[in-house]
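This briefing concerns the strand pairing and helix placement in the model shown below. The topics follow in turn, from one pair of facing residues to the wider arrangement.

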Amino acid sequence: MLRVELPDVPGSLGRVATAIGEAGGDIDAIEIVEHRDDGYAVDDVLLEMAPGHMPDSIVSACNTLDGVQVIWISRYAAGGNLFLDLEAVEELTADPPAALDRLVDVLPMTFRADWAARIRPDGDTGRARVLHATGAAPDELPWPGLTRAERLEEAEGDVDIRCGAPVDDQQAVLIGRRGGPDFLDSELARLGHLVGLAVTINRG
């Protein structure tokens with residue numbers, strides 16, 4: 001998975017795609033993650049590398065383009081394609097009573113993250129009790145006390161980049177990425193929207 005910043009003008013994505021192809025990458029899917037007010041966009045590109053080629057060659061090829069910068073590149077282990085928000089909503093409506101748990105299950109694919117969890121405060125300990133989580137979620141999590149979707153501070157020595165959104169004043173949904181990339185404002189907005197939809201569907 002390649003996350004790239006590029007000028008938000010016609011032809012930019014074509015130049016990036018050409019550079020990726022010439023460097024030995026075969027593009028499977030592209031998703032526009034964010035349109036910025038400064039005239040740039042951020043795209044996620046899922047690609048396969050041709051035998052004998054290294055991801056570094058993709059990074060170098062993209063970074064030589066005017067106005068283009070690779071933000072992140074890593075192996076994508078959460079599935080073979082982009083799981084768009086609309087598909088996530090379809091999952092939620094398939095079983096309304098379990099909508100919140102289904103949301104947690106699909107969030108890693110939807111956001112190209114490593115894990116997701118639904119939590120509640122564990123008394124007055126400052127810790128959280130995990131109600132439902134994907135397999136890679138940490139066993140112990142702090143209670144963040146969220147009032148809106150936002151990024152969470154990293155604990156000392158923690159390699160996870162985290163964000164979360166409140167379900168209500170007693171529950172929250174968190175997602176995490178091992179090492180990055182950072183969650184963008186547009187991703188926070190999407191997370192808050194999806195959690196709100198899951199709550200509405202769950203309550204019927």
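Leu2 stands opposite Ile73, a residue of strand β4. The model is predicted. The strands concerned, β1 (residues 2-7) and β4, run antiparallel and are joined by 4 bridges.

**The four-stranded sheet**

- An open sheet is formed by 4 strands, arranged in the order β2-β3-β1-β4 with antiparallel pairing.
- From one strand to the next, the twist averages 25°.
- In general, the strands of a sheet pair through backbone hydrogen bonds, in either a parallel or an antiparallel manner.

**Helices lying across the sheet strands**

- Helix α1, comprising residues 12-22, lies across β1, β2 and β3 (40-49).
- The direction of helix α1 is at about 135° to β1.
- Helix α5, comprising residues 185-203, lies across β1 and β2.
- The direction of helix α5 is at about 80° to β2.

- Strand β5 (residues 115-121) pairs with strand β6 (residues 128-133) in the antiparallel sense, over 5 bridges.
- Within this pairing, Ala117 stands opposite Ala133 in β6.
- The hairpin has 6 residues between its strands.
- Gly123, in this hairpin, adopts a positive phi near 60°.

Notes:
Residues numbered from 1 in each chain as written. Predicted model: local features only at pLDDT ≥ 70, side-chain atom pairs only at ≥ 80, totals over all residues. Heavy atoms only, no water. Pairing = 2+ DSSP bridges. Helix = DSSP H or I, 4+ residues; strand = E, 2+ residues; numbered from the N terminus. Axes fitted to C-alpha atoms, helices over the stretch in contact; angles between N-to-C directions. Contact = heavy atoms within 4.5 Å.
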